[in-house]
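Please keep the sequence and the coordinates at hand while reading.

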Amino acid sequence: MFKLVDIGIIGYRNHAQRLISLMDNNSKCNLKYIFHPNKKIDDNRGINDFSLLLRCHVIVIASPNKTHYHYLKKLESFSGYIFCEKPPVVNLDELSKIKKILKFNNKKLFFNFNFRFSELNNIFKKYINSKEIGDIIYIEIIASQGLSFKQNYAKSWRADGINNKFNLLDTVTIHYLDLINYYFGTSKNQFYFPKLISKNGTSFDTGQLLLEYEKFNVSIINSYATPFIGELKIIGTNGYVTIRNEELEIHTPRDTFDENDFFISPPISFKQKFNMQSDYKSSLKNSFDFFISHVLNKKEFDVSLYETSLKTTQSILELRSKG
């Protein structure tokens with residue numbers, strides 16, 4: 001059992017910085033190295049020598065998506081733990097190769113689909129197939145913000161249409177698809193409609209994913225070109241769940257009538273504050289804590305986590321090929 005975990009991270013800005021903050025605030029973590037292949041990092045832990053990372057118990061891959069396969073391949077014989085941001089790879093050819101590379105070393109590998117550790121996940125767990133909601137007939141998720149209008153966005157890797165044309169699908173939509181896949185399996189049909197709305201950069205900044213199941217449909221809308229929106233709607237045969245304006249409400253039962261015996265909106269059976277942006281931040285911490293607890297106790301990860309991650313990644317890559 002480890003008392004303190006030595007960590008090296010690949011990446012130093014944006015999402016990597018969030019992970020660095022989590023490590024710096026965790027008494028069980030000793031972040032020794034912050035790696036970039038050529039840039040000088042303004043941190044005394046910054047390095048350009050990849051071999052130093054191999055001395056750590058843990059290596060975190062939080063670099064741009066297109067580099068993930070490269071680093072996973074370099075770490076093929078690494079005996080420690082790996083925390084890799086999603087998506088693991090960015091095309092189907094890489095996915096096929098990575099399955100072979102990681103086949104015998106996937107029990108110490110964790111792909112960070114952190115919505116599995118969110119309150120949103122708990123909502124799905126509690127109300128899907130519940131008496132309050134009944135059978136699901138429709139799910140809608142809207143998660144968007146105005147990132148593409150920020151001053152430096154056009155120069156960022158996210159806006160690079162050559163290397164990251166589907167960056168929104170790869171970094172945001174993938175979380176919600178993973179959650180849906182976990183509870184309902186792979187849809188029988190899926191359609192993706194990407195658009196560049198802001199005209200800043202050359203990658204898509206807006207997209208809608210439609211999933212068709214046997215008895216219900218799902219719509220997931222994500223954008224970097226709107227005001228902040230965090231909304232959810234789960235409609236069932238006996239009630240519905242909504243998140244809007246930072247309020248979670250459960251309306252049930254269906255058979256609610258007025259004095260003339262006409263259907264009216266069901267009463268609110270449960271209500272609480274719910275901020276989807278805050279939920280994302282807490283889910284990231286929960287996910288990382290889950291990972292570190294396994295490292296500290298030298299435990300292997302359930303292989304189903306690895307397999308589900310690759311299935312979600314395959315779904316995303318197939319959508320990209322149609323887009």
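How many bridges join strand β9 to β10, and do the two run parallel or antiparallel? In this predicted model, strand β9 (residues 206–212) and β10 run antiparallel and are joined by seven bridges. One of the bridge pairs sets E212 against N217 of β10.

Strand β10 also has a partner in strand β7. Strand β7 (residues 136–144) pairs with β10 in the parallel sense, again over seven bridges. Within this pairing, I142 has I221 of β10 as its bridge partner. In general, the strands of a sheet pair through backbone hydrogen bonds, in either a parallel or an antiparallel arrangement.

An open sheet is formed by six strands in the order β3-β2-β1-β4-β5-β6, with parallel pairing. Its edge strands are β3 (46–47) and β6 (109–112), each of which pairs on one side only. Strand β1 and strand β2 (residues 29–35) pair in the parallel sense over six bridges, and V5 stands opposite C29 in β2. Towards strand β4 (residues 58–61), β1 is joined by four bridges, and these two strands also run parallel. Here I10 stands opposite I61 in β4.

Why is strand β1 described as largely enclosed by the rest of the structure? Six of the six residues of β1 (residues 5–10) are buried, so the strand is largely enclosed. Both faces of β1 are covered: V5, I7 and I9 are buried on one side, and D6, G8 and I10 are buried on the other.

Helix α6 provides the link from this sheet to the helices. Helix α6 lies across β1, β2, β4, β5 (81–85) and β6, and runs at about 165° to β5. Helix α6 (residues 276–296) also packs with helix α1 (residues 15–24), at an angle of about 60° and with the axes 11 Å apart. The two helices α1 and α6 are therefore oblique to each other, and their crossing is right-handed. On the α1 side, H15, R18, L19, L22 and M23 take part, meeting Y280, L284, K285 and F288 in α6. By class, the residues of this contact between α1 and α6 divide into six nonpolar, one polar and two charged.

Helix α3 (residues 92–101) and helix α7 (residues 303–322) pack at an angle of about 160°, with their axes 10 Å apart. Helices α3 and α7 are therefore roughly antiparallel to each other, and α3 passes α7 in a left-handed crossing. The contact involves L92, L95, I98 and K99 of α3 together with Y306, L310, T313, Q314, L317 and E318 of α7. Six nonpolar, two polar and two charged residues make up the contact of α3 with α7.

Against helix α5 (residues 167–184), the geometry of α7 is as follows. The axes of α5 and α7 come within 10 Å and cross at roughly 125°, which makes α5 oblique to α7. The crossing of α5 and α7 is right-handed. In α5, the residues L169, D170, I174, L177, D178 and N181 meet T308, T312, S315, I316, L319 and R320 in α7. The class count for the contact of α5 with α7 is five nonpolar, four polar and three charged residues.

Leaving aside neighbours within four places in sequence, L319 is in contact with L169, L177, Q190, F191, Y192 and L209. Of these, L169 and L177 belong to the α5 residues that meet α7. Q190 lies 129 residues from L319 along the chain, and the C-alpha atoms of the two are separated by 7.6 Å.

Methods
Residues numbered from 1 in each chain as written. Predicted model: local features only at pLDDT ≥ 70, side-chain atom pairs only at ≥ 80, totals over all residues. Heavy atoms only, no water. Pairing = 2+ DSSP bridges. Axes fitted to C-alpha atoms, helices over the stretch in contact; angles between N-to-C directions. Parallel < 35°, antiparallel > 145°, perpendicular 65-115°, else oblique. Left-handed = near helix turned anticlockwise from the far one by under 90°. Contact = heavy atoms within 4.5 Å. Nonpolar A, V, L, I, M, F, W, Y, C, P; charged D, E, K, R; others polar. Buried < 20%, exposed > 50% of the residue type's maximum accessible area, 1.4 Å probe, protein only.
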